[in-house]
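This report examines ring pairing and helix packing in one protein model. Please consult the sequence and structure shown below while reading.

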Amino acid sequence: MHHTPPLRFLIAESETADERAARRDSVGRSAGESYAATLEELAPGCTTTRIRPADADGDRLTVDAIAVYDAVFLTGSPLHVYSDTPEVRRELAFMRAVFASGTPAFGSCAGLQIAVAAAGGTVRRMQPRQEAGIARRLYATEAGRTHPLLADRPAVWDAPAIHGDEVETLPAGATLLATSAAVRVQAVEIRQGQGIFWGVQYHPELAPGEIAAALRRQADSLIEDGLARDHEDVEAQAALLDALHDAPDDHAVRWRLGIDAAFADQPRRRSELIAFIERLVIPTRDGRAQVLRATSVVAGASPGL
């Protein structure tokens, strides 16, 4: 008789050391630490390992080392994927190793952009910048309407978002799953070699309070980009997101933000992460286990895992 081991998640911090420190100052944890906390709630008993592939002294995992995990998650960050910097080159090399390992991967925001660039697509600065705080009126493409990543999404939805860059062109092996009037590439599947990546431009892993903190950190750029007239505008929007964080059922706050339960309710906000774990990670893990058991039986070894 065999048992099912806990899920093993590898979380790749896309932030640099300075960016991690700045985020900890505002919300108390890095993007990778936010991911870990969310995943531990969604998959009780899972183990999470955080690595820092962008750092000069960060982790350099081999393809085989990545393959022992059940899934890889790439966080968001202020990283500009179109910049030819050592940090970007290290992130792209890591993502190519993830594809080669065959381990299912998920990324949000810069995590999506890293996977796109690693597979041969391109990323650019948004001109003009149109999303900060809430990505509005997202909808599935024809391919996305039947894709398991978006199976629990309504016809149109809003999602947490904070980004100044966007995907320009998708690589070969990519399928556009969701789009919007503001940003063409909102959700994607990429198949590269043995690897499968599901990613979104928005942030299903983040709570409204974390988005509020991001708005405050980026206040100067939001004003420069014309999304806010002044710091008071930024603070007003951030305060509403803080209020939603504290009272997600407050219909007056929902009305002022112009959002519904798909954004306000935590399980519905995390829809894509839940779908990734339940519909790709667990079936892939179980399939690998069946192959290993079959191989061990043929070899005369114990089938227990």
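## Aromatic pairs

In this predicted model, six aromatic pairs are present. One of them joins Phe73 and Phe276: the ring centres lie 5.4 Å apart and the planes stand at 80 degrees, so the pair is edge-to-face, since planes over 60 degrees apart count as such. Distant parts of the chain are linked by this pair, as Phe73 belongs to strand E3 (residues 71–74) and Phe276 to helix H12 (residues 271–298), 203 residues apart. Phe73 has 0% relative accessibility and therefore counts as buried; Phe276, also at 0%, counts as buried too.

Phe276 also forms an edge-to-face pair with Trp198, with 6.0 Å from centre to centre and 65 degrees between the planes. Here again distant parts of the chain are linked: Trp198 lies in strand E11 (residues 195–200), 78 residues apart from Phe276 in helix H12. Both Trp198 and Phe276 are buried.

## The aromatic cluster

Phe73, Trp198 and Phe276 are among the members of one aromatic cluster.

## Packing of two helices

Helix H6 (residues 208–217) and helix H8 (residues 231–246) have axes that come within 7 Å and cross at roughly 165 degrees. The two helices are therefore roughly antiparallel to each other, because angles over 145 degrees count as roughly antiparallel. The crossing of H6 and H8 is left-handed.

On the H6 side, the contact includes Ile211, Ala212 and Leu215, while H8 contributes residues including Val234, Ala238 and Leu241. The contact residues of H6 and H8 comprise nine nonpolar, three polar and three charged.

Terms used. Residues numbered from 1 in each chain as written. Predicted model: local features only at pLDDT ≥ 70, side-chain atom pairs only at ≥ 80, totals over all residues. Heavy atoms only, no water. Phe/Tyr/Trp six-rings, centres within 6.5 Å; stacked < 30°, edge-to-face > 60°. Helix = DSSP H or I, 4+ residues; strand = E, 2+ residues; numbered from the N terminus. Buried < 20%, exposed > 50% of the residue type's maximum accessible area, 1.4 Å probe, protein only. Axes fitted to C-alpha atoms, helices over the stretch in contact; angles between N-to-C directions. Parallel < 35°, antiparallel > 145°, perpendicular 65-115°, else oblique. Left-handed = near helix turned anticlockwise from the far one by under 90°. Contact = heavy atoms within 4.5 Å. Nonpolar A, V, L, I, M, F, W, Y, C, P; charged D, E, K, R; others polar.
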